[in-house]
Amino acid sequence: MLFRSDLVAARGADTARATLNIRLVSTVARAPAPAPEPLPRKPENLPTSLADTIAALNARIDSLRTQLVRNDPIGVVQLGQASAADTDLTIIGRPTTGGTYKWFFTPGTIVPLIAREAGFARVRLDNDLDVFVGAGDIKEVPPGTTVPRRTTSNMRVRGSASGVDVVIPIGSRAPYFVEEGDRSIAITLYGVRGNTDIVNYAASDSMVRTVEWSQLSEDRARVTVNLRAAPYGYLVLWENNAIVLKLRGRPAIDVARPLAGLTIAVDPGHPPIGATGPTGLYEAQATLPIGVWLKRILEERGATVVMTRTTDAPVALGDRPIIARRANVHAFVSIHLNALPDGVNPFLNPGTGTYFFRTHSEPLAREVQRGMVSQMGLKDLGVNYDNLAVVRGTWYPAVLCEGAFIMMPDQEAALRMPEFQERYARGVADGIENYFRTLATRAP
């Protein structure tokens, strides 16, 4: 359907005209709109004030045109199957098809469907943001289903066995995004209007200072929880028509024996997949004995250890952080060995590196990196932020260690030796112990 608009700007005897043809996209055929006719730009020989007026009109027309040609939803879908409140299931959102994992949604969230593209579905979180989810992650809903109107109401902070819960009633599940600050956690809620009047604080709470909310756009709200100390661990769950942010309190730590009474998850990386050294040493064959050494050393220092695997049998990547969370561990460490892609010279920069994803895991990553470099004496490749599956957990600090390069002949040979395996493990154990010692002395 084509509409024509005639715009007239006049100042005194001076007049300028512009004609705008607007074509609306059919919501049935989903055909792309043809390129609109170019608009006249700043006319010549006009007073400056009138020319500026016309330029402002042109800018406004461009904005309206962008809104008119934007894709409309072709339906409504549910992200995954709605499940129990306490679940490790999550739906992953990406900025592009096949792109980086960025958003994590509670199963059962209702969103508009914009398009289907080669194994992915493009869904709308709010008026300003579309993301991509796997085609298998969307579920059809009954005809006539609409996206719920979500509004925050009065919030409360309550005590829990593990720390403190912040309860945010919104009526129905909403897409969200969590950001950690030095002493805060902020939850951005998409497709949500803020309308909180009262925030009730638990009388015994010593973790939360204040809870604030702001309306970032017409249908995007943010709740910021200001803390008295840096976050240690958290979970976002759906419970009784509310998003619940569970904040985990620090464990009780004996500075003289920091690991006593703590539970640590040790994850010997792979199988499945994994790298192979030049003489055939498979990564999973080397990481398991290192993990066994690490278990022994941590237990000698008073910790309880949960192993994600103890045999050569494969353990799914996604199951490893679930094992750790269900065991309520205080830290998670994944043991790996590095390699480089084909065609890259491995002799240029081999060494030791540590990886983390969540901000609250960064201090553990730095301590573990120091411990490994000190024990193994390899080149310090530093600490790296990386979006890796096993370190995405939020309930505990989590890191992944690439202690040595299995593709280097000398390092592969060392990895076959129990002495070097023990040094790798001892470096990790030293880092974990130093992290908790520092945590105990850090101001609350």
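Student: What covers the buried residues of α2?

Tutor: The cover includes β21 (263-268), β22 (304-307), β23 (331-338), α5 (409-415) and α6 (418-441), where helices (H or I, at least four residues) and strands (E, at least two) are DSSP runs numbered from the N terminus. This is a predicted model, in which local features need pLDDT of at least 70 and side-chain atom pairs count only at pLDDT 80 or more, while totals for chains, interfaces and linings use all residues. Residues are numbered from 1 along each chain as its sequence is written, and side-chain values use heavy atoms, with hydrogens and water left out.

Student: Which residues of α2 are called buried?

Tutor: Buried means under 20% relative accessible area, exposed means over 50%, and partly exposed lies in between (1.4 Å probe, protein chains only). In α2 the buried residues are Glu283, Ala284, Ala286, Thr287, Leu288, Ile290, Gly291, Trp293, Leu294, Ile297 and Leu298.

Student: How do you know that the span of α2 agrees with its number of residues?

Tutor: The expected span of a helix is 1.5 Å times one less than its number of residues. For the 18 residues of α2 (residues 283-300) that gives 26 Å, and the end C-alpha atoms are 26 Å apart, so the two agree. Just after the helix, Gly302 takes a positive phi of about 100°.

Student: Why is α2 called oblique to α6?

Tutor: The two helices pack at an angle of about 50°, with their axes 8 Å apart. Because angles under 35 degrees count as roughly parallel, over 145 as roughly antiparallel, 65 to 115 as roughly perpendicular and the rest as oblique, α2 is oblique to α6. The axes are lines fitted to C-alpha atoms, for helices over the stretch in contact, and angles run from 0 to 180 degrees between N-to-C directions.

Student: Which residues of α2 and α6 meet, and how do the residues of this contact divide?

Tutor: With contact meaning heavy atoms within 4.5 Å, Pro289, Ile290, Trp293, Leu294, Ile297 and Leu298 in α2 meet Pro418, Gln421, Glu422, Tyr424, Ala425, Arg426, Val428, Ala429 and Ile432 in α6. They divide into 12 nonpolar, one polar and two charged, given that Ala, Val, Leu, Ile, Met, Phe, Trp, Tyr, Cys and Pro count as nonpolar, Asp, Glu, Lys and Arg as charged, and the others, Gly among them, as polar.

Student: What is the geometry of the peptide bonds from His270 to Pro271 and from Pro271 to Pro272?

Tutor: The bond from His270 to Pro271 is cis, with omega near -10°, and the bond from Pro271 to Pro272 is also cis, with omega near 10°.

Student: What makes Thr394 buried, and which residues does Thr394 touch?

Tutor: Its relative accessible area is 13%, and Thr394 is therefore buried. Thr394 lies in the loop between β25 (380-385) and β26 (398-405) and, not counting residues up to four places away in sequence, touches Gly233, Tyr234, Leu235, Arg358 and His360.

Student: Why is Asn241 called partly exposed?

Tutor: Its relative accessibility is 46%, so Asn241 counts as partly exposed. Asn241 sits in the loop between β19 (234-239) and β20 (242-248) and has a positive phi of about 65° although it is not a glycine.

Student: How do you know that Asn328 is partly exposed?

Tutor: Asn328 has a relative accessible area of 39% and is therefore partly exposed. Asn328 lies in the loop between α3 (319-326) and β23, and its phi is near 60°, a positive value in a residue other than glycine.
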